[in-house]
Every structure is written in C-alpha cells, then in structure tokens.
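Please look over the structure shown below before reading on.

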Amino acid sequence: MKCGDGHAIFTAECSHSFHFHCIASNVKHGNQICPVCRGKWKEIPLQGGPVLPPNHALMTVIRRVPTRSNSNRHASPVFQAPEPAVFDDDESLDHQPELVRRNLNQNEANSPQISQTPRTPVDLVTVLDNSGTRRLFPLRRMSETGRQQALQAVNSLAANGGTNIAEGLRKGAKDTYTVTGSNQKEPNYQLLLPLAIHGNDNVGFKIPVHAFGFGTDHDASLMHSISEISGGTFSFIETEYAMQDAFAQCIGGLLSVVVKELQVYIECVHSSLCIGSLRAGSYPNRVTTDRRMGSINVGDLYADEERDFLVSVNVPVDISSNETSLIKVRCVYNDPLTKETVTLRSEEVGIKRPERAGQETTSMEVDRQRNRVQAAEAMALARSAAEQGDLAGAVCRAQREMQERMASRHIYETSGRAYVLSGLSSHSWQRATARGDSTDGSSYQTPSMTEMVNLSRVTLLGSPSTQRLVGVAQSFASQPKPR
C-alpha cells in the first residue's frame, strides 16, 4: 500500500496498513477482520481515531508517528498505539504435562506423530529483525486456535529496511538494555542483551538465545556473541533448503528438556591432590583458590544429551596403599516435571598404585574427548588468524572442511566466518547446530532432534505448496559453492 496524497494511514496490530478513512468506513459497517490476513482486530479504527476495547492490555493514548518518506512523496502520519511498558497479555498456562500429551493426541491424529511422552511446557519467543517496531504476537497456547493466530502473524511479516537487534531482544525479554559508546577495538555485544537474558555470574543462564544467521548478509560475529553470552547456539543457514531443518532441529531439542539448571561439582578426595585444569568449553566454570574444588554451570539438558568435561589432576606420590582415591563428583539439577531438586553423587574415582608399573591401556573415551577439545581449540585459533588477516595461517590450523571457506578474504567474509562460528558453537556447547546447507553432519544431534526434522520434512512434502518450495530449494542448492 502506498502512503501519501495527504491521507492518514492506519497500521493494524497485524502490521497491515490501510487508508484510515477507507478502513474506518469498513469497520463502521461491522467488519473487524483484516482484509489481508483475515486476523481479528482488537484495536478498532473509528472516525474519531482508533479505539481499544475496555481494559485491554494495549489501552493507551494514540499518537501520530511520521512514516519514512518516499522518493517523490511527503510522509503521511500513521496512527499507532505506543507499546506498553510491560507485556501482560500472555495467555495463561496450566503447567500439567498430561494436558500437553493429550492435546498432541487430539490435534495431530491425522498427521505424522512425534513422541507422546509427557513434557513440560515451553515458552518460545521468536525475535525476527524485520525492522518493524511493534510486538506482533503474545505468548499463546499452541492449540488449534493458537496455531491459526500464529500463522496470521507470520503471514503479516514484511521487511522495512534497517536493523535493530537490541530492540528486538528487549521486547523478547520484557526488559531494558543499554548501548553506550566505546573506544575498544572489539565491540561489547553484552550491552545489547537485557539482564533478563544474560543474567550474571551468580545465577547463570536465564533465557538462552538460539541465533540463526541467513545467507551472506548478516553479522555472524554479533549473532554468535549473543548466543554465547546467553547460553544458546549459533547456526549458519547458507541456503533456503536448510532453513526448515535448522529450525526443526533446534525446536526438537527445546521440546525435550529433561534436566534444568544442572550444576556439576568436582571435589578432590586425597589430601595432597589438586585440580590442574578444568576444560568445559563455553560452560561457566570455576576452581577454588586452593584448587581443591571445581564447579560447572551446565544449565538445561535435552533428552539423550551427554556432556563430557576434561578434568586434569596432579596425582601425588603415595606408596602407602595399592590405590589412591582422586576425586568425587556431585550433580544437582531441577526435574522439570516434578519441580524437585535432585542430587546425584558418583563413586570415588581412584587410581591403582601397583608395586611394578605395567602396560596400561589408554581410555578410548578420554582420548576421544581430548581430541574433541583440541579440535575446537584449533578451530578457535584458525578463526583468530583469519580475523587478523593471516588466511594462510588459518588454513594450516583449520580442519579440511573449513579450509575452502578460508581460500580468500571474500569467501571468508561471506561464508567462512559464519561457518567457523557455527562449528565453534556446536563444539563449545556440545550441542547440534546447522552449518552451511545441512544439519545431518552434526555428531550432537539427538533422537528428538532427528525426529522433529523428519516430521518437518514429511509435513512439507504433504503441503500444497511443496512443488514451489522444492523448486526454490533446488535453485539455491544448484548455486556454486565457495572454492
């Protein structure tokens, strides 16, 4: 719709815009449905100005906001309600896992099924930087009605140019943020995140942000930093073909959370023992000053996920016994179903001290984890070298799959950086991410993620628009890869 010609423009809560006098006349005759997306309006335009229903969360004074000017036209005023300070119009949720399971059976009887085991409800907020300024959709139950409303909100999306990621994150967290000038060479991306998202060192992760970078036109460093600070993952989606799989994989994990706020504690048993190092990737960890105890803030775990951490200890000389006790481990977490705090304790880990040393067998599992950590460290060094302009040094340190992404400065800037960062995100969190044009190569993909990806693909193949979508995907897939 073109603005101008002296007409006032009314922008509805579904983000569609109309000449004010036209839509007011339409509503006057009893039509409160958007002509474009068929969404039912709560904010109703009348000749005297938009009027909200009594006691509605968006009840406020209407103000006139100038739109961006067109090339040969003057901007016309837009009637738009200012956003409330606090979003309190979310639909209430009865936290009963049995209800979730029953709804799935009822609503998806004629579609491919996912696992019907009970799970806790999930509050999932999507922040899409389309340069709009309004909150399009509150938290709703994903009942049949909620799904239809969500689809209407999605269909109303349109890009307007410009970006403001910080404002989107603020809306998603119902909080405030601060962006200040800095003379540092490296930008402080934490300033973009509200406290409700990144918390602090004492409380750990509060709202993990899983970031998705599309194509070559996004700030991979910024999005990766946001995910790292908040405890989420960063995925690089190079083609439209991988877009649906990437989202399905992430949601498949989020819908299978079985452990919340997991804390791991390591304690030395032998009086002369101390912790040498604690390698936990991106997970916040600390070792006490006497190096007798260590802790790792793991956060949430999905079903079938495992976490492996390397603990190095300095074993003292001891000839008083045939075996020396080294460490013991304690795990504390919240059960999301029962809401109870659970504590698990391991047996003491010891080492045999025979009189004569023999041929000891190397633990394959420990060796595998050590190789994983070394690969992640090499990846980080390759990225650092590439950022400093040393592409030759970066190629030497990078894994073979990443070397072609660092063949030139142009290739690295357009796809290499995002590809490396998504790999770093996966290894540092030990969690699956999308990289390039696929999610299939992730060694951290859980059965719940795989199941959701397969369900998403089946649903796509059964939709009326399959041929059009497949055609678009094939056209993207046929484009030449970086060499």
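Two strands are said to pair if DSSP finds at least two bridges between them, and with that in mind one can say that Val-264 stands opposite Cys-331 in strand E14. The model is a predicted one, and the values below are computed from it.

**Strands E9, E12 and E14**

- Strand E9 and strand E14 run antiparallel and are joined by 7 bridges, and it is in E14 that Cys-331 is found opposite Val-264.
- Strand E9 also pairs with strand E12, again in the antiparallel sense, and here the pairing extends over 8 bridges; Gln-263 has Asn-297 of E12 standing opposite.
- Glu-261 is also part of strand E9, and its phi is near 55°, which is a positive value in a residue other than glycine.
- Is Glu-261 buried, exposed or partly exposed? With a relative accessible area of 49%, Glu-261 counts as partly exposed, because that class lies between the cut-offs of 20% and 50%.
- In the loop between E12 and E13 lies Asp-304, whose phi, near 70°, is likewise positive in a residue other than glycine; Asp-304 has a relative accessible area of 59% and is therefore exposed.

**The open sheet of E7, E8 and E17**

- Strands of a sheet pair through backbone hydrogen bonds, and they may do so in a parallel or an antiparallel way.
- In this model, 3 strands make up an open sheet with parallel pairing, in the order E7-E8-E17.
- Which strands lie at the edges of this sheet? They are strand E7, residues 211–214, and strand E17, residues 435–436, each of which pairs on one side only.
- Strand E8, which covers residues 234–237, runs parallel to E17 and is joined to it by 2 bridges; the bridge partner of Phe-236 in E17 is Arg-435.

**Helix H3**

- Helix H3 has 12 residues, 144–155, and at 1.5 Å a residue it should span 16 Å, so the 17 Å between its end C-alpha atoms agrees with that expectation.
- Which residues of H3 are buried? They are Gly-146, Ala-150 and Ala-153.
- When H3 is seen down its axis, these buried residues fall within an arc of 60°, so they line one face of the helix.
- Thr-145 and Asn-155 are exposed residues carried by the face of H3 that is turned away from its buried side.

**Helix H11**

- Gly-416 has its place in helix H11, and so does Arg-417, in the helix formed by residues 409–429.
- Gly-416 counts as buried because its relative accessibility is 0%, and Arg-417, at 13% relative accessibility, also counts as buried, since the cut-off for that class is under 20%.
- Gly-416 and Ala-386 are 30 residues apart in sequence, and the distance between them in space is 9.4 Å, C-alpha to C-alpha.
- Arg-417 and Glu-387 are likewise 30 residues apart along the chain, with their C-alpha atoms separated by 8.6 Å.

**The largest cavity**

- Rolling a probe the size of a water molecule over the atoms shows where empty space is left.
- A search of the whole structure finds 1 cavity of 30 Å³ or more, and the largest cavity holds about 70 Å³ of space.
- This cavity is lined by 13 residues, and those closest to its centre are His-210, Thr-233, Ser-235, Cys-250 and Ala-432.
- At least two residues of the lining come from each of strand E7 and helix H7 (243–254), and H7 gives the largest share, 3 residues.
- By class, the lining of the largest cavity divides into 7 nonpolar, 5 polar and 1 charged.

**The second largest pocket**

- The second largest pocket contains about 1,200 Å³ of space.
- Which residues lie nearest the centre of this pocket? Of the 39 residues that line it, they are Phe-309, Val-311, Ile-327, Val-349 and Val-366.
- Among the elements that each supply at least two residues of this lining are strands E9, E12 and E14, as well as helix H8 (364–387).
- The lining of the second largest pocket has 22 nonpolar, 7 polar and 10 charged residues.

Note on methods: Residues numbered from 1 in each chain as written. Predicted model: local features only at pLDDT ≥ 70, side-chain atom pairs only at ≥ 80, totals over all residues. Heavy atoms only, no water. Helix = DSSP H or I, 4+ residues; strand = E, 2+ residues; numbered from the N terminus. Expected span 1.5 Å × (residues − 1). Buried < 20%, exposed > 50% of the residue type's maximum accessible area, 1.4 Å probe, protein only. Arc of directions from axis to C-beta. 1 Å grid on protein atoms, 1.4 Å probe; cavity = no way out; pocket = protein on both sides within 12 Å on 5 of 7 lines; lining within 4 Å. Points joined across faces, edges and corners; volume = space filled by probe spheres on them. Nonpolar A, V, L, I, M, F, W, Y, C, P; charged D, E, K, R; others polar.
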